[in-house]
Amino acid sequence: MPFPKNREFYKLIEKARFQNEDCKPFVIYQKPNTAKVNGIFPKTSNLIYTSNFSESGFVFSPFNTSDKTILFSNENRIEASYAGDDTKIRVSSDSIKIGREPYLELINKAIKRIGDRELKKVVVSRKITTQTQKNAFELFEQLLNVYPNAFKYLWFHPKVGMWLGATPETLLKVNKNSLTTTSLAGTLPAIDDDPPNWSTKEVEEQQLVTDYILTALSDTLINIEATVASSIKAGNLWHLKSIIRGDLNPETSLDEIIKVLQPTPAVCGVPKMAAKEFLIKNEGYDREFYTGFLGELNFDASRTAHLYVNLRCMKLNGENATIFIGGGITKESNAESEWNETQYKSKTMLSLL
């Protein structure tokens with residue numbers, strides 16, 4: 001008798017369920033365009049943090065870089081394969097309009113700061129809390145089927161909570177002496193098979209991100225170069241993306257590289273510190289792990305990493321799901337258009353629920 005489809009995967013899911021019921025931490029995840037699903041199951045429920053990114057394990061880091069990065073040791077790691085079924089999620093035409101006026105006010109405040117030349121760009125965000133009848137493991141399997149090009153994960157720690165996401169953006173990929181990162185910005189809804197028609201605003205926003213990363217990494221990379229921005233589709237949205245590559249100076253540590261990049265202008269703004277101060281003071285809520293980063297650290301050897309920016313994510317608490325969405329504000333921004341952009345973005349996760 002043949003083995004049931006995805007037998008090993010469902011054994012992995014069952015182990016994660018037991019961990020959750022026993023209030024023990026775990027993470028299950030799948031890298032883009034691969035059938036392999038990984039699970040890491042720490043033996044302790046204590047919160048363990050990385051000190052300088054020299055350890056080996058799975059890291060989960062908040063937006064605020066002054067807060068600590070959580071580390072799951074990879075000593076108890078399981079792999080399984082998953083064969084998807086080409087599930088299609090119908091993107092709902094409905095959206096949640098709660099919070100519109102405060103968000104418009106925040107955008108206009110950001111536009112004024114840019115007009116006063118205090119900022120060149122700032123990425124403002126908001127959150128939506130709604131309900132779902134689906135459990136976290138059902139949602140995770142949906143992500144595997146619907147977003148093959150994204151990094152999908154389900155992460156839990158009893159002292160922190162449960163997070164789920166499907167992010168299209170790499171923070172960095174380091175392999176010994178080489179580094180790859182991305183400049184991702186600009187958003188338009190994907191309508192049928194029509195190509196995106198980018199405005200000056202989106203093109204300039206993406207170029208600001210690219211220029212910042214090139215400048216920020218100029219002291220740590222040799223032979224640094226960026227590709228011409230191209231359109232990529234992620235779910236029901238289009239983005240502009242450039243790939244940035246270079247060779248690392250031998251003495252450069254992962255800790256130094258991460259501090260230079262995070263938070264990137266794609267999730268924070270330019271200048272970075274001024275934008276971050278503006279967000280902490282004016283957004284009106286704690287982003288927690290939204291727009292932080294997560295992924296593998298030093299799995300195979302020292303100074304190797306594959307980290308992703310935590311976008312397209314939600315925090316789960318029983319039947320409640322909190323979704324986080326944002327958009328880049330520049331001198332060309334219009335408050336109403338920016339609000340509409342976050343509405344498009346919210347449908348990516350709301351459609352799953």
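Helix α7 (residues 335–350) lies across β6, β8, β17 (313–317) and β18, running at about 145° to β18. Axes here are lines fitted to C-alpha atoms, for helices over the stretch in contact (heavy atoms within 4.5 Å), with angles from 0 to 180 degrees between N-to-C directions. Helices (H or I, at least four residues) and strands (E, at least two) are DSSP runs, numbered from the N terminus. This is a predicted model: local features need pLDDT of at least 70, side-chain atom pairs count only at pLDDT 80 or more, and totals for chains, interfaces and linings use all residues. Residues are numbered from 1 along each chain as its sequence is written, and side-chain values use heavy atoms, leaving out hydrogens and water.

**The nine-strand sheet**
- The open sheet runs β5-β2-β1-β7-β8-β17-β18-β6-β14 with antiparallel pairing, where a pair needs at least two DSSP bridges.
- Its edge strands are β5 (77–81) and β14 (269–270).
- Helix α4 (residues 200–216) lies across β6 (121–131), β14 and β18 (320–329), at about 105° to β6.

**Around β15**
- Strand β3 (residues 57–61) pairs antiparallel with β15 over five bridges, with Gly57 partnering Leu297.
- Five bridges also join β15 to β16 (residues 304–309), again antiparallel, and Phe293 sits opposite Val309.

- Leaving aside neighbours within four places in sequence, Leu172 touches residues including Ile257, Leu261 and Leu307.
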